Structure formats: C-alpha cells, structure tokens
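Colleague: Could you take me through the salt bridges in this one, pair by pair? I'd like to know where the partners sit and how exposed they are.

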Amino acid sequence: MEFFNPKVRRQREQFGDRLPPGQVLTEKWPVLHYGVVPRFDPERWDFRIFGLVEEPVRLTYAEFMALPRVSVTSDVHCVTRWSTFDNQWEGVPAREVLKLARIKPQARYVMVHAEHGYTTNLAREDLERDDVLFAYRHNGKDLTPEHGWPLRLVVPHLYFWKSAK
C-alpha cells in the first residue's frame with residue numbers, strides 16, 4: 001500500500017532501508033499503554049532477578065540507580081507501524097544487571113516481568129546485546145509515567161514490542 005500513499009512513498013525515498021517496509025516516520029512518541037498507568041513509590045519499588053541464576057538479586061530503587069549507566073542512540077520501530085529516529089536513551093545496561101545474578105549457562109531465555117502482570121520473553125542473547133538497557137531517560141528527559149517511568153526495558157533491534165515498561 002506504500003505505492004498509493006505519497007507521504008510514505010516520500011519517506012521511503014528519503015530514508016531508504018532505515019525506514020522498514022510498512023512503517024511511517026513520526027516526530028511524536030505515541031503512548032501505547034495497557035491498563036492504568038502505575039504509581040511509582042520509590043520505597044516499595046524493587047528489581048528482582050531470579051530463576052536459573054547463581055545468586056538471586058533484589059535491588060531497591062536507590063541500589064538500581066547506583067549501577068553503572070550508559071547512553072545509547074537507536075531508532076524505534078513499533079509493531080503498530082510508527083518509527084522515530086535517533087532516540088537517545090540513558091540507563092543501566094541489561095548486561096550489567098545480569099552480571100549481578102551470575103546467570104547459569106543453561107539459561108537461554110529470560111522472562112521479563114513488569115507492572116500489572118505484564119510479561120515478555122526474550123532470548124538471552126537478545127538481552128545481552130550492547131544496546132539493550134533499562135532506561136530511565138529519553139532524549140535528555142526522565143521518562144514520563146505513560147512511557148514507563150521509572151524504568152523501561154529498551155531492546156532496539158526487536159521492534160520495540162519487547163521493550164516492556
């Protein structure tokens with residue numbers, strides 16, 4: 001259908017393969033959220049790693065925020081067909097968090113648990129990539145609650161559908 005949409009056709013000509021087929025570039029960051037936006041209480045918030053690990057981990061918000069941080073720039077492509085380019089993320093590398101628990105070699109997949117019982121599964125190799133992080137900032141500003149504040153997983157190469165809030 002791109003052939004019949006002049007805007008999409010112009011974007012395809014301008015950006016080539018950087019804009020995947022069927023995607024439309026937007027300057028906005030649409031809010032896609034399931035359920036009520038949870039309230040954040042730093043005194044009750046925790047981050048846990050359990051399962052096939054040598055050492056289960058539970059971090060408070062303060063402990064998590066004390067971990068090493070990085071900045072990553074990536075394009076976002078959402079399965080709902082929108083894309084944004086050059087998103088600047090700040091957060092804690094997923095690889096850094098996994099080191100704390102010493103994941104056992106037989107653990108090939110990870111189940112990410114988020115608010116309201118939401119889960120998403122990932123191959124361990126996807127989670128351990130250099131550009132995957134638990135982000136708290138986007139384009140120089142703290143994430144809004146609608147976009148996952150205080151923390152959201154960012155997995156740029158998997159069309160943002162595995163980037164659980």
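Modeller: Let's start with D130, which is exposed at 61% relative accessible area (exposed is over 50%, buried under 20%, partly exposed in between, with a 1.4 Å probe and protein chains only). Bear in mind that this is a predicted model, where local features need pLDDT of at least 70 and side-chain atom pairs 80 or more, while totals for chains, interfaces and linings use all residues. Numbering runs from 1 along each chain as its sequence is written, and side-chain values use heavy atoms, without hydrogens or water.

D130 pairs with R95 in a salt bridge, with the closest N and O atoms 2.4 Å apart (the criterion is a Lys or Arg side-chain nitrogen within 4 Å of an Asp or Glu carboxyl oxygen). That ties the loop between α4 and β8, where D130 sits, to R95 in helix α3, 35 residues away (DSSP runs: helices H or I, at least four residues; strands E, at least two). R95 is partly exposed, at 39%.

Elsewhere, shared partners join R18, D75 and D86 into one network. R18 is partly exposed at 33%, whereas D75 is buried at 18%.

Then there's D46 with R58, at 3.2 Å between the closest N and O atoms.
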